[in-house]
Number of protein chains: 2
Amino acid sequence: MRATLIYGAGDVRVGEVPDPVLRQPTDAVVRVLRACICGSDLWPYGAKPVTPAGDRIGHEFLGVVEEVGSEVSGLRRGDVVVAPFLWSDGTCDFCREGLHTSCRHGGSWGRDGVDGGQGEAVRVPQAQGTLVKLPVGEDSALLASLLTLSDVLPTGHHCAKTAGVNPRTTVTVIGDGAVGLSAVLAAKRLGAERIILMGRHKDRTDLGREFGATEVVAERGAEGVERVRELTGGDGTHTVLECVGLEQALHTALGVVRSGGTISRVGVPQYPTVPLAFPEFLRNITLTGGVAPARAYIEELLPDILDGTITPGLVFDRTVALDEVPDGYRAMAEREALKVMIEP
Amino acid sequence: MRATLIYGAGDVRVGEVPDPVLRQPTDAVVRVLRACICGSDLWPYGAKPVTPAGDRIGHEFLGVVEEVGSEVSGLRRGDVVVAPFLWSDGTCDFCREGLHTSCRHGGSWGRDGVDGGQGEAVRVPQAQGTLVKLPVGEDSALLASLLTLSDVLPTGHHCAKTAGVNPRTTVTVIGDGAVGLSAVLAAKRLGAERIILMGRHKDRTDLGREFGATEVVAERGAEGVERVRELTGGDGTHTVLECVGLEQALHTALGVVRSGGTISRVGVPQYPTVPLAFPEFLRNITLTGGVAPARAYIEELLPDILDGTITPGLVFDRTVALDEVPDGYRAMAEREALKVMIEP
């Protein structure tokens, strides 16, 4: 079959790889209907050292079950399923607590002999714990929104949930990427009535308004902090959803969080330390968030997509065929596309 | 009247100061029955620059109301009252949310013309919001335990509460000072069944066991982390109550917290940054806590002292008269005394 490989910074190609087969009785093989490129794929795309053999890449996909191992129950050939961005057994203590990202028998796509998601098919380890059956057909109009269940929607939801967003909390969302916009959607879904979106790409912040943002702040750094404080009587907001991961975004978060408030971060941190010292201690600031246990949230979020309450698939503003994946990376890296969907 | 003044590192004296009088209609004057020395008083005692005029000090006291301003209701001459370690109006939005430490009209004892607590009497600003009436007489046998309501008990409670301690969470408490021991008591009170106390002073950890610690780890640093991990199947505990404030204690906290877990800190941080980077992000570690809004918790904790369910006053292992306060500081600084009570 054909799949995406990354050979180093800026060097993504689609090539021939072995067809996936069942290796463990807990495996399934899934033919990919839709996959996508993640903002976090741009980190290796920007900085990966040259890798002559190429590494498999991609961790967001939905597809059709082709084969299941003898120990997999509840799934069968023909089921449409979505996979979260990490695979997990669903039975260990961490999974039972809803922290599937720390599963004792789980792992990452595209590593240690496991397929990446940006290809024609995927061998899914721990298939019963990992995959969620979707009550739709292969040609459903909801596939784009359902695909967001693999990562970007649960990540936004994790951010809002761990921050403690509710109808009584004001919210600042930092970042107008697909995760930031999903965090807006998630905050709105949890009842937030005031959501300030910090972002400077008008087409993206317009989508943010559609998702529930009540105000947009285009300024960045100290000026952006000043603007959010002006909007909130000098106090900042109860919750801050940090969806970027850069140090400047973290400093902005610390600048706009209200005393007693919570910063939740879901952008992969590109900094070694956090300046949470005496002033933040006096202000009772909480820092939370982390890599989202997407699997824990899928059943909760799914009904709202099925009944049309939310349309998170609007974050996809470009669809490419498998051959065009390299151009999809380029387009996302150059901020030409917000989020690229792949139709293999 | 006589009160404690600090003139620089290691230089605490008791001297004559003006008698407190009502200055605002929201003031009260309280004659001090009991005060005490806080672990945080040891920071200026260790490092304060020479201050020839002397600064008032002390922020934990209970006493008898002598006089109330015209706008103070619910309190009258003769009432026994306790004061939290910051004064607050009780009516602003932060106070209503339970974050009295960020009160819009509150402040600190011993600063800006406000008396310190380690003296014969105190002018209490915002008396109605600040003071809590205690249903006991001046000679109550419960005064020591009731005095802990001013700081050390609510601080331990804040630590346990913000960490999310409940019957299903395992707990590590770092530090066997009066705050650490109070955090053990608070964790036990919130239902924790397994409480590992990290401390190396046997007399203190023995009191910790009496307060509810189920295990004691005397080792520090990497060895201490290793020991807690051994005790918890390699995982660490769901919650970590950091009651020291030194950087090594913070590193220990990061080492013993379970994935998905929470570190709450109430020790005043003596470090500029916190190493919450990619590994902690992957593990979904939360950092919370801060300066405790003691006032918010007094009504909740008081009944357990009155009915004898808890005896937090056991943290006082020495009582001094006002004249002996300088020796009390010395004894605490030299770890000769755990916590010193003052009977003016």
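Begin by selecting A:Tyr329, a residue of this predicted model that counts as buried at 0% relative accessibility.

With both side chains shown, turn to their rings. Across all chains the structure holds 4 aromatic pairs, and one of them is made by A:Tyr45 and A:Tyr329, whose ring centres are 5.2 Å apart and whose planes meet at 40°, so the pair is described as tilted.

Next, move to chain B and select B:Tyr45 together with B:Tyr329, which form a tilted aromatic pair with 5.2 Å from centre to centre and 40° between the planes. Here B:Tyr45 lies in helix H1 (residues 42-47) of chain B and B:Tyr329 in helix H12 (residues 325-333) of chain B, so that this pair links distant parts of the chain, 284 residues apart. As for burial, B:Tyr45 counts as buried at 14% relative accessibility, and B:Tyr329 is buried with a relative accessible area of 0%.

For the last stop, return to chain A and select A:Tyr7 with A:Arg13, where the charged end of the arginine sits over the tyrosine ring, 3.8 Å from its centre. Then select B:Tyr7 and B:Arg13 in chain B, where B:Arg13 lies over the face of B:Tyr7 at 3.8 Å from the ring centre.

Methods:
Residues are numbered from 1 along each chain as its sequence is written. Chains are lettered from A and ligands numbered from 1 in the order in which they are written. This is a predicted model: local features need pLDDT of at least 70, side-chain atom pairs count only at pLDDT 80 or more; totals for chains, interfaces and linings use all residues. Side-chain values use heavy atoms; hydrogens and water are left out. Rings of Phe, Tyr and Trp (its six-membered ring) pair if their centres lie within 6.5 Å; planes under 30 degrees apart count as stacked, over 60 as edge-to-face and the rest as tilted. Buried means under 20% relative accessible area, exposed over 50%, partly exposed in between (1.4 Å probe, protein chains only). Helices (H or I, at least four residues) and strands (E, at least two) are DSSP runs, numbered from the N terminus. A charge sits over a ring if NZ of Lys or CZ of Arg is within 6 Å of the ring centre and within 35 degrees of the ring normal.
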